[in-house]
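Please look over the protein shown below before reading on. The notes after it are a short briefing, grouped by topic.

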Amino acid sequence: MKYMLLIYGNTETWDALQGLGIDGVLDQHRKLTEELKANGEFIDGLGLTTANARVVRVSDGVPAVTDGPFT
């Protein structure tokens, strides 16, 4: 079984959290990552961005492209 863990945010969110003690949260994230690596369960940890992101939805064969996704 495989799982995907997602942490949602954007630049404004991360900047705001810097002043609120995000270091503790990031420490827990690092701890989990190291545990998954040690167990051979970690696959990747690359970040995604919403910059220039687009959503494509097809309805009745017609694609519609919109800005997003928004977290």
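The points below cover a pocket, a helix and the salt bridges. This is a predicted model, in which local features need pLDDT of at least 70 and side-chain atom pairs count only at pLDDT 80 or more, while totals for chains, interfaces and linings use all residues. Residues are numbered from 1 along each chain as its sequence is written, and side-chain values use heavy atoms, with hydrogens and water left out.

**Largest pocket**

- A pocket is an open set of points on a 1 Å grid over the protein atoms alone, where a 1.4 Å probe fits, with protein on both sides within 12 Å along at least five of seven lines.
- The volume of the largest pocket is about 1,300 Å³, a volume being the space filled by probe spheres set on the points, which are joined across faces, edges and corners.
- Its lining (residues with an atom within 4 Å of a point) consists of 31 residues, and Leu-5, Leu-6, Ile-7, Gly-45 and Leu-46 lie nearest the centre of the pocket.
- By type, the lining has 17 nonpolar residues, 10 polar and four charged; Ala, Val, Leu, Ile, Met, Phe, Trp, Tyr, Cys and Pro count as nonpolar, Asp, Glu, Lys and Arg as charged, and the others, Gly among them, as polar.
- H2 gives the largest share of the lining, five residues.

**Helix H2**

- Helices are DSSP runs of H or I with at least four residues, strands are runs of E with at least two, and both are numbered from the N terminus.
- H2 has 17 residues and spans 24 Å from its first C-alpha to its last, close to the expected 24 Å; the expected span is 1.5 Å times one less than the number of residues.

**Salt bridges**

- There are three salt bridges, each a side-chain nitrogen of Lys or Arg within 4 Å of a carboxyl oxygen of Asp or Glu.
- Asp-27 and Arg-30 form one at 2.7 Å, N to O, and they sit three residues apart in helix H2, about one helical turn.
- Lys-37 and Glu-34 form another, with the closest N and O atoms 4.0 Å apart; they too are three residues apart in helix H2.
- Arg-54 pairs with Asp-67, the closest N and O atoms being 3.4 Å apart.
- Arg-54 lies in strand S1 and Asp-67 in strand S2, so this pair ties together parts 13 residues apart in sequence.
- Arg-54 has a relative accessible area of 47% and is partly exposed, between buried (under 20%) and exposed (over 50%), using a 1.4 Å probe and protein chains only.
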